[in-house]
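Good morning, everyone, and thank you for making time for this. Please take a look at the structure on the screen before I go through a cavity and a helix pair.

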Amino acid sequence: MTRREGKEGDVFAGTLAELTWHEVDEAARTGAVLLWAFGVIEQHGPHLPTGTDVYLPGARLRAVRALLADRGVEALIVPPYYWGVNVVSGSFPASYSVRPELIREVMVDLLGGMARDGFRHVFCFSGHGDALHNRTVHDGIRSACERTDADASFVTEPALARRIGLDLDDPYLTLSGPDEPPPDGPADVHAGNWETSLMMHTHPELVREEVRVRLAPSGLGPRELTVWRQGHEHARRVTPDGYLGDPAAADAAEGRRINASTAEQAADAIVHRLRGAA
């Protein structure tokens with residue numbers, strides 16, 4: 001089976017959208033797993049595109065697929081889901097939101113269809129930090145597994161699982177990465193250093209460099225972060241330019257390191273779950 005990697009900015013590149021149904025059917029019959037990213041269209045400050053939360057998990061999944069192939073696991077990438085839940089950025093332009101119950105039902109239908117095609121395992125990833133968005137992804141997975149023949153799980157780090165109120169032994173979680181507290185210092189959680197570094201590595205042509213280099217660090221701590229996470233007008237007041245962190249300090253080499261590290265952790269977690277299901 002051949003795949004055209006295409007341009008990094010093409011969200012269909014390298015996904016099953018480029019395959020024929022014969023090729024998808026053959027992959028299912030030979031035991032391939034599916035990788036599926038859930039992002040949003042959402043403001044990302046004055047320097048990053050609104051599709052950041054779609055582009056970044058897509059790049060991560062391409063890296064995960066390559067690592068899984070090295071471990072003898074074939075994987076197909078499902079085209080990204082990008083109409084998610086926006087609470088924090090809800091009052092900014094181009095930050096669109098779908099009701100959680102609608103997302104859940106769409107997930108049930110699609111995961112059920114993937115199961116009918118013969119895919120035994122679907123690994124879902126989130127490209128967006130909003131708590132309600134991530135609870136909705138988990139709820140969609142749980143509902144699909146309860147109501148259809150789907151076998152799906154949410155690949156996420158322990159800190160996010162805890163933040164959205166899930167037990168770490170939840171059967172629908174595939175935990176990826178170390179269980180460690182957030183770093184000390186000012187918060188960097190949205191369109192700041194790490195997210196901008198990743199975009200500079202994966203999609204440098206979409207970063208507004210002339211704007212990025214002039215942005216001052218937000219310098220906000222845990223108290224402001226708590227207010228910001230209430231969303232809508234609270235977030236707009238705390239971060240009027242839409243970013244929380246230090247995008248001017250971003251570096252493409254750091255983005256390359258983050259992408260490689262998180263992909264490695266995810267591939268390890270997937271292989272571990274597959275071995276437990278064997």
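This is a predicted model: local features need pLDDT of at least 70, side-chain atom pairs count only at pLDDT 80 or more; totals for chains, interfaces and linings use all residues.

What volume does the largest cavity have? It comes to about 90 Å³, where a cavity is a set of points, on a 1 Å grid over the protein atoms alone, where a 1.4 Å probe fits but cannot get out, and a volume is the space filled by probe spheres set on those points, which are joined across faces, edges and corners. Residues are numbered from 1 along each chain as its sequence is written, and side-chain values use heavy atoms, with hydrogens and water left out.

The lining of the largest cavity has 14 residues (each with an atom within 4 Å of a point), and Val 11, Val 54, Gly 58, Arg 62 and Pro 80 are the ones nearest its centre. Helix 2, a DSSP run of H or I with at least four residues, provides the largest share of that lining, four residues.

Now to the helix pair: helix 3 (residues 100-116) packs against helix 4 (residues 131-147) at an angle of about 40°, their axes being 8 Å apart, where axes are lines fitted to C-alpha atoms over the stretch in contact and angles run from 0 to 180 degrees between N-to-C directions. Helix 3 is therefore oblique to helix 4, since angles under 35 degrees count as roughly parallel, over 145 as roughly antiparallel, 65 to 115 as roughly perpendicular and the rest as oblique.

How values were computed. On a 1 Å grid over the protein atoms alone, a cavity is a set of points where a 1.4 Å probe fits but cannot get out, and a pocket is an open set with protein on both sides within 12 Å along at least five of seven lines; lining residues have an atom within 4 Å of a point. Helices (H or I, at least four residues) and strands (E, at least two) are DSSP runs, numbered from the N terminus.
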